[in-house]
Amino acid sequence: MQCTLYGALAQQDVKLNLMSATSQRLEVSYEIPALPNIGLEPIVGLNFRKWADGTSINGQDISVKRFGWIAGFKGNFYFGHHDDLTGFYVSPYAIFRSDKIDFQEPTRHTRLSTGLMIGQKGFIWERLGYSVEGGLGYNPIYKYNDIKTGAKVDLEESIPILGSLTKINIPFRVSLFYRISE
């Protein structure tokens with residue numbers, strides 16, 4: 001049986017994003033080789049972090065429950081002679097998120113993020129490894145809508161100094177992976 005992906009039975013890695021786990025998201029990805037030095041990585045996840053978690057106004061906590069899903073894709077381009085999908089890499093990415101936020105009027109937050117990440121991937125021990133990556137991206141879609149009426153809801157999230165978060169995406173990930181085949 002011929003497989004169209006390069007080395008399809010080799011170097012398949014299942015990743016658990018540790019940064020997402022600490023920020024109350026669960027993200028898992030599966031990287032497979034497509035060509036020498038190129039890995040394809042679909043990403044799926046769930047988000048259960050509160051909206052405005054840890055934020056207070058006049059001493060009153062304003063965090064609100066939310067729950068949603070995450071789906072994305074990365075293409076990892078490894079530099080040097082690393083056809084084992086380890087080493088320094090650059091990744092274009094696209095990640096879509098959709099969350100239901102339990103305000104008095106339930107709201108849907110929808111976001112599509114695209115951009116570029118750089119990272120380093122290596123082994124800790126035999127089949128267990130790490131991946132550290134960070135980058136910069138753009139959110140071509142970033143909106144809030146009332147779930148019942150579909151009407152646009154104006155909510156502006158911002159960070160001191162950086163300002164509005166509606167167009168900027170700054171991903172940072174620390175992951176553990178397990179190589180499921182050699």
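Analyst: One cut-off before we start: a residue is buried under 20% relative accessible area, exposed over 50%, and partly exposed in between. Keep in mind too that this is a predicted model.

Let's go to Lys121, which is found in strand β8, residues 107–125. Its relative accessible area is 1%, so Lys121 counts as buried. Have a look at what it's up against. The side chain of Lys121 makes a 2.5 Å polar contact with the side chain of Asp13, and it also reaches the backbone oxygen of Leu85 at 3.2 Å. Then there's an aromatic ring: Lys121 lies over the face of Phe177, 4.6 Å from the ring centre. Leaving out residues up to four places away in sequence, the residues Lys121 touches include Lys15, Glu31, Tyr78, Tyr89, Tyr130 and Arg179.

Now follow Asp13 into its strand. In a regular strand the side chains alternate between the two faces of the sheet. Strand β1, residues 13–17, has Asp13, Lys15 and Asn17 on its covered face, while Val14 and Leu16 are on the uncovered one. As for neighbours, β1 pairs with strand β13 (residues 172–179) in the antiparallel sense, over 5 bridges; there, Val14 has Tyr178 as its bridge partner. Strand β2 (residues 25–35) also runs antiparallel to β1, joined to it by 4 bridges, and Leu16 stands opposite Val28 in β2.

Trp69 belongs to strand β6 (residues 66–78) and Phe96 to strand β7 (residues 87–101), so the pair ties together parts 27 residues apart in sequence. Trp69 is at 41% relative accessibility, so it counts as partly exposed, and Phe96, at 26%, is partly exposed as well.

Back to our spot: Tyr78 and Tyr89 make a tilted aromatic pair, 5.1 Å centre to centre with 50 degrees between the planes. That pair links distant parts of the chain, with Tyr78 in β6 and Tyr89 in β7, 11 residues apart. Both of these tyrosines are buried, and both are among the residues that Lys121 touches.

Conventions:
Residues numbered from 1 in each chain as written. Predicted model: local features only at pLDDT ≥ 70, side-chain atom pairs only at ≥ 80, totals over all residues. Heavy atoms only, no water. Buried < 20%, exposed > 50% of the residue type's maximum accessible area, 1.4 Å probe, protein only. Helix = DSSP H or I, 4+ residues; strand = E, 2+ residues; numbered from the N terminus. Pairing = 2+ DSSP bridges. Polar contact = N/O pair within 3.5 Å; in protein donor to acceptor, adjacent residues only side chain to side chain. Contact = heavy atoms within 4.5 Å. Phe/Tyr/Trp six-rings, centres within 6.5 Å; stacked < 30°, edge-to-face > 60°. Lys NZ or Arg CZ within 6 Å of the ring centre and 35° of its normal.
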